[in-house]
Amino acid sequence: VARSVAAGDAGADGICVQPQSYVLNGTKSEIVGRFAAVAKAAPLPMMVYNTPLRTGMNIDHDTLEAIMDVAPVVAIKESNENMKHASRTLLQFRDRIAVFIGNGENILPAILLGSSGFISTGPDLFGKETNRLLEAESMSIEERLQWQEKLIAVFNTVLGTGARPSGYKAALNMLGLPAGYPREPVEPLTPDDEAKVRQVLVECSILGRQAADRAAS
């Protein structure tokens, strides 16, 4: 609540709120109560962030409906990796709020099902080429499959190597973007793990072979 109020006082146009972490088995009442308390103190346009991997709990669709009754929800970042769940979110809510996808593997199919876009770590490594994903309807089947393969490779390798965000920081550093190193206790990638990330960046044409060789040396 304090941070949301501070954001509003500083001129923020909206806030992004996720369920309370560490509770794991929070009830519907407890989850909705959190969003209601934030909305009461800081009545800014709100994006709900559903991230079961990080919070240990999933915002089911009945709970999302209840949150929308007590808070000015305008969007959701849907990071449930289950595409069935994401599909239901789109079917039930896309006409009322913007539905953004957070899981890299679900981005392309969700766009074809009418999502507003995506908020995700990994696809941004493709740079301006990432905009092509928003034109998925005009792609051939072959191009869609190629993009899906690249998204899965980048999402699983860059975010799945080492403890997050060490793999992502390593990838940015390889691209010449000064991301530095993760804060303790997270450790930088080992040389072997760096090589795995570098190989995927090369295979996905994100990093040129010559640049990769220079980064490795």
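Which side chain meets Glu-194 in a salt bridge? I looked it up: Arg-198 does, at 3.8 Å, N to O. I count a salt bridge when a side-chain nitrogen of Lys or Arg is within 4 Å of a carboxyl oxygen of Asp or Glu.

Before going on, a note to myself: this is a predicted model, where local features need pLDDT of at least 70, side-chain atom pairs count only at pLDDT 80 or more, and totals for chains, interfaces and linings use all residues. Residues are numbered from 1 along each chain as its sequence is written, and side-chain values use heavy atoms, with hydrogens and water left out.

Back to the pair. Glu-194 and Arg-198 both sit in helix α9 (residues 191–203), four residues apart, about one turn of the helix. Helices here are DSSP runs (H or I, at least four residues), strands too (E, at least two), numbered from the N terminus. I found Arg-198 buried at 11% relative accessible area, while Glu-194 is partly exposed at 28%. My cut-offs: buried is under 20% relative accessible area, exposed over 50%, partly exposed in between (1.4 Å probe, protein chains only).

Next I checked the total, and the structure holds seven salt bridges. One of them joins Arg-96 and Glu-65 at 2.9 Å, N to O. That pair links distant parts of the chain, 31 residues apart: Arg-96 is in the loop between α5 and β4 (98–101), Glu-65 in helix α4 (residues 61–70).

Last, I looked up Arg-132, whose side chain meets that of Glu-143 at 2.8 Å, N to O. Arg-132 lies in the loop between β5 (117–118) and α7 (141–158) and Glu-143 in helix α7, so the pair ties together parts 11 residues apart in sequence.
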